[in-house]
Amino acid sequence: MPTLVLIRHGQSAWNLENRFTGWWDVDVTEQGAAEARAAGELMAAKGLDFDQCFTSLQTRAIKTLHFALEAMGRLWLPVEKDWRLNERHYGGLTGLDKAETAARHGAEQVHIWRRSFDIPPPAMEAGGDFDLTNDRRYAGIAIPQTESLKDTIARVLSYWEGRIAPALKDGQRVLISAHGNSLRALVKHLSNIADDEITGLEIPTGQPIVYELDDRLNATDRYYLSER
């Protein structure tokens, strides 16, 4: 059976500060790095191994993958990075403190922006502090100004179909290090979770999720590695 493991990046600096992060590039904290190393140690202890790794273009996911692979003695494994595994773009909310934003706009409105399936936050203004137009890593990419979860799912699944699914069907053991919402997209697809239910799914940082798949990539089981 194909082997697929998903891991959300370890705690980031803006996770700690309770700020909307999205596409802005922040580092992992010391705790986040420790979470990633612990994930790698757990995967090694449970006998997992991989042939191909995928991650986003964001430092927190890349470092999480590297820390985990180092703990496994597998830093040499091939890694493919792609923007379509990036976190959901939070538009004009990027960089804002979540509690202050709720106080300003109302908790109900912020909950809609955060947890609705197809309603995006306000768009990011061009030229602002968190505008990524001139970021070299996104050269040639139509950077979104905001995204709903539905938008995020669409781009993640295009990458799944084009790159990840073929690797699994080829017999490769795959590890993906990504973000809360890009991983929600994969879990929704693989576990056939309804639109109105996926927004409530919480994915903790640094906890490997194992998928058992059949040859057609249908999920037969999903569990946190720490629970087996």
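Author: Happy to! A residue is called buried under 20% relative accessible area, exposed over 50% and partly exposed in between, using a 1.4 Å probe and protein chains only. The model is predicted, with local features needing pLDDT of at least 70 and side-chain atom pairs pLDDT 80 or more, while totals for chains, interfaces and linings use all residues. Residues are numbered from 1 along each chain as its sequence is written, and side-chain values use heavy atoms, leaving out hydrogens and water.

Now the core. A nonpolar core here is a set of buried Ala, Val, Leu, Ile, Met, Phe, Trp, Tyr and Cys residues joined through side-chain atoms within 4.5 Å. The largest one has 31 residues, and L4, L6, W160 and I176 have the most contacts inside it. Two or more residues come from each of β1 (3-8), α6 (149-169), β4 (174-178), α7 (180-191) and β5 (209-213); these are DSSP runs numbered from the N terminus, helices being H or I of at least four residues and strands E of at least two. Helix α6 gives the largest share, 10 residues. Leaving aside residues up to four places away in sequence, L6 touches I176, L183, L186, V187, Q207, P208, I209 and Y211, where contact means heavy atoms within 4.5 Å. A second, separate core has 16 residues, including L48, F50, C53 and L65.

With a relative accessible area of 71%, N192 is exposed. Its phi is near 55 degrees, a positive value in a residue other than glycine. Most residues other than glycine have a negative phi.
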